[in-house]
Amino acid sequence: MKQGTSAKEAQAFAAVLEQQGVKVHFSEGASQTVLGLVGDTTNIDEESLRAHHLVEKVIRVQAPYKRAHRQFHPENTRIDIAAPSGPDRHIGAGYLGIIAGPCSVESREQIITIAASVKQSGAGFLRGGAFKPRTSPYSFQGLGDEGLTLLLEAKKETGLPIVSELMDVKHLDGFNEVDIIQIGARNMQNFTLLKELGRCGKPVLLKRGLASTIKEFLMAAEYLIAGGNDRIVLCERGIRTFEDFTRNTLDLSAVPGLKKESHLPVIVDPSHATGLSWMVPALAKAAIAAGADGIMVEVHNNPETARCDGEQSITPADFAGLMEMIQKYAAIEGKQIA
Ligand code: PEP
Ligand code: MN
């Protein structure tokens with residue numbers, strides 16, 4: 001409280017705070033009083049406290065992402081996903097999720113060919129965008145609903161669960177049989193979308209925003225959990241820095257950082273992090289070594305003709321080689337690929 005706040009004023013202020021469900025602990029110093037708010041402070045609005053005429057300073061001791069925080073759930077969270085055929089898939093708590101596939105679904109032949117090859121190499125999930133967030137309105141925007149239909153065919157054909165990006169709640173109905181809904185970097189703070197997915201109960205792959213801090217990333221996850229959905233996989237996909245050698249800068253420190261702060265599984269996307277296919281295997285290995293719970297990698301059967309992100313897409317043969325390395329890294333980390 002500000003200097004000169006009387007005991008009576010502090011008591012009255014504390015009484016108002018207690019009405020918001022917290023206990024107030026008084027520390028009276030020689031010239032100032034400190035009020036400690038004990039209990040669930042999630043509903044206390046820091047901004048309005050700061051605006052109060054008696055308040056000198058507000059310090060939040062606990063993280064504002066209460067439910068995403070490890071304190072709320074000390075054990076690592078494991079996300080379980082049923083596969084159309086074969087065993088259930090798991091991500092987190094000792095299980096590595098390996099998600100592979102093209103940036104975007106382009107044709108039946110393309111998606112089925114890639115799906116079959118990544119499955120053969122040991123991927124647990126097939127990715128493929130049907131609705132693409134492109135920087136230019138003139139670039140290929142994805143096949144939309146037709147892309148989803150083709151992805152579902154590939155799911156049926158291979159038995160691989162699928163991951164695809166949702167850009168707009170109005171498309172949600174088409175995602176009924178999509179196993180993991182991806183929220184892309186550009187939509188990490190699309191709160192309308194996050195609130196809707198909080199209600200939907202499907203696993204969400206939440207990608208870190210291009211210029212988002214770890215705290216903002218975890219607050220986005222908090223939106224989902226607060227809405228009732230705790231089936232979340234966090235994905236570090238590179239952030240914007242001054243460096244332009246790579247498309248983004250992979251923030252590998254986010255992996256141990258997020259895992260220290262949160263119980264949620266964390267995977268790494270080295271494809272969007274670098275934009276360079278030749279760099280992908282090195283960083284995929286580094287991600288596993290840093291404690292990631294999986295990777296998401298773009299794979300294309302003909303990167304040169306890809307309609308989106310060809311430069312960062314590895315070939316099915318490269319992916320097969322990468323998987324051999326990942327098996328070894330998984331063994332060192334004592335993790336299972338599922
Ligand atoms: C993607 O995964 O295809 C994608 C668009 O990723 P990001 O949102 O991380 O850019
Ligand atoms: Mn892409």
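**View 1. The manganese ion (ligand 2) and its protein donors in this predicted model.** The manganese ion is held by C103 through SG, H272 through NE2, E298 through OE and D309 through OD, at distances of 2.0 to 2.4 Å; donors are N, O and S atoms within 2.8 Å of the metal (3.2 Å for Na, K and Ca), and water is not among the atoms, so sites may look incomplete. Along the sequence, these donor residues follow the spacing C-x168-H-x25-E-x10-D. C103, in the loop between β5 (95–101) and α3 (108–121), and D309, in the loop between β12 (294–298) and α10 (316–333), are 206 residues apart and link distant parts of the chain. C103 is buried at 2% relative accessible area, and D309 also counts as buried, at 19%, where buried means under 20% relative accessible area, exposed over 50%, and partly exposed in between (1.4 Å probe, protein chains only).

View 2. Ligand 1 is surrounded by 13 residues, of which the closest are R127, K132, A185, R186 and R237; a residue is near a molecule or strand if one of its heavy atoms lies within 4 Å of it. Taken alone, ligand 1 exposes 300 Å², of which the protein buries 97% (Shrake-Rupley method, 1.4 Å probe; for residues, only the protein chains shown count as cover).

**View 3. Strand β9 (residues 204–207) and its parallel neighbours.** Both faces of β9 are covered, with V204 and L206 buried on one side and L205 and K207 buried on the other; helices (H or I, at least four residues) and strands (E, at least two) are DSSP runs, numbered from the N terminus. Strand β8 (residues 180–183) runs parallel to β9 and is joined to it by 3 bridges, with I183 partnered by L206, and two strands pair if DSSP finds at least two bridges between them. On the other pairing, 4 bridges join β9 to the parallel strand β10 (residues 232–236), where V204 stands opposite I232.

**Notes.** Residues are numbered from 1 along each chain as its sequence is written, and chains are lettered from A and ligands numbered from 1 in the order in which they are written. In this predicted model, local features need pLDDT of at least 70 and side-chain atom pairs count only at pLDDT 80 or more, whereas totals for chains, interfaces and linings use all residues, and side-chain values use heavy atoms, with hydrogens and water left out.
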